[in-house]
Amino acid sequence: MSALSLRLPNSLHERARELARREGVSINQLVSAALAEKMSALLTEEYLGTRARRGSRARYLAALAQVPDVEPNPEDVLTAAANKRLQPAKARRKPKAKRAARKRLRG
């Protein structure tokens, strides 16, 4: 294992100390875990980017064409209520006053 000297702002060091205490680990373990998580996220992004560049629409469509065109099993069919819960929430509309003001500005 190697040692690393790290300079942190006092506020960050205090927050790290408090979090480590709450989690029941040393600051060293907390920083190691945080660094491992960040590296994992960055490397995953890099990996997915590499995979995406290798992909092609033609190969995707060829693979999709191999899927049989059959109805799903009854237990795999979603009810209307279940399907609605899976849909993303609609964006809120702007209040009418704001829409009218924008319309007036546009002319």
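A residue counts as buried when its relative accessible area is under 20%, as exposed when it is over 50%, and as partly exposed in between (1.4 Å probe, protein chains only). The model looked at here is predicted, so to speak for a local feature takes a pLDDT of at least 70 and side-chain atom pairs count only at pLDDT 80 or more, while totals for chains, interfaces and linings use all residues. Residues are numbered from 1 along each chain as its sequence is written, and side-chain values use heavy atoms, with hydrogens and water left out.

Asn28 sits in helix H2, helices being DSSP runs of H or I with at least four residues, and strands runs of E with at least two, numbered from the N terminus. Between Asn28 and Leu48 there are 30 Å from C-alpha to C-alpha, for a sequence separation of 20 residues.

Next comes the empty space. Rolling a probe the size of a water molecule over the atoms shows where such space is left. On a 1 Å grid over the protein atoms alone, a pocket is an open set of points with protein on both sides within 12 Å along at least five of seven lines, whereas a cavity is a set where a 1.4 Å probe fits but cannot get out; lining residues have an atom within 4 Å of a point. Grid points are joined across faces, edges and corners, and the volume is the space filled by probe spheres set on them. The largest pocket comes out at about 350 Å³. Of its 13 lining residues, Leu4, Leu6, Asn28, Val31 and Ser32 lie nearest the centre. Helix H2 (residues 27-54) gives the most to this lining, with six residues. By type, the lining holds nine nonpolar residues, four polar and no charged; here Ala, Val, Leu, Ile, Met, Phe, Trp, Tyr, Cys and Pro count as nonpolar, Asp, Glu, Lys and Arg as charged, and the others, Gly among them, as polar.

Leu6, found in the segment before helix H1 (10-23), also belongs to a nonpolar surface patch with Leu4, Leu8, Leu12 and Val31, about 460 Å² of accessible area together. Patches take residues with over 30% relative accessible area and no salt bridge, joining like charges within 9 Å and nonpolar side chains (Val, Leu, Ile, Met, Phe, Trp, Tyr) within 5 Å. The areas come from the Shrake-Rupley method with a 1.4 Å probe, and for residues only the protein chains shown count as cover.

Charged pairs are the last topic. A search of the whole structure turns up three salt bridges, each a side-chain nitrogen of Lys or Arg within 4 Å of a carboxyl oxygen of Asp or Glu. Arg17 pairs with Glu14, their closest N and O atoms 2.7 Å apart. These two are three residues apart in helix H1, which means a separation of about one helical turn. Arg17 is partly exposed at 38% relative accessibility, and Glu14 is partly exposed at 44%.

Glu18 meets Arg21 in a salt bridge (2.6 Å, N to O), and Glu18 also pairs with Arg22, with the closest N and O atoms 3.9 Å apart. Arg22 and Glu18 are four residues apart in helix H1, so about one helical turn separates them.
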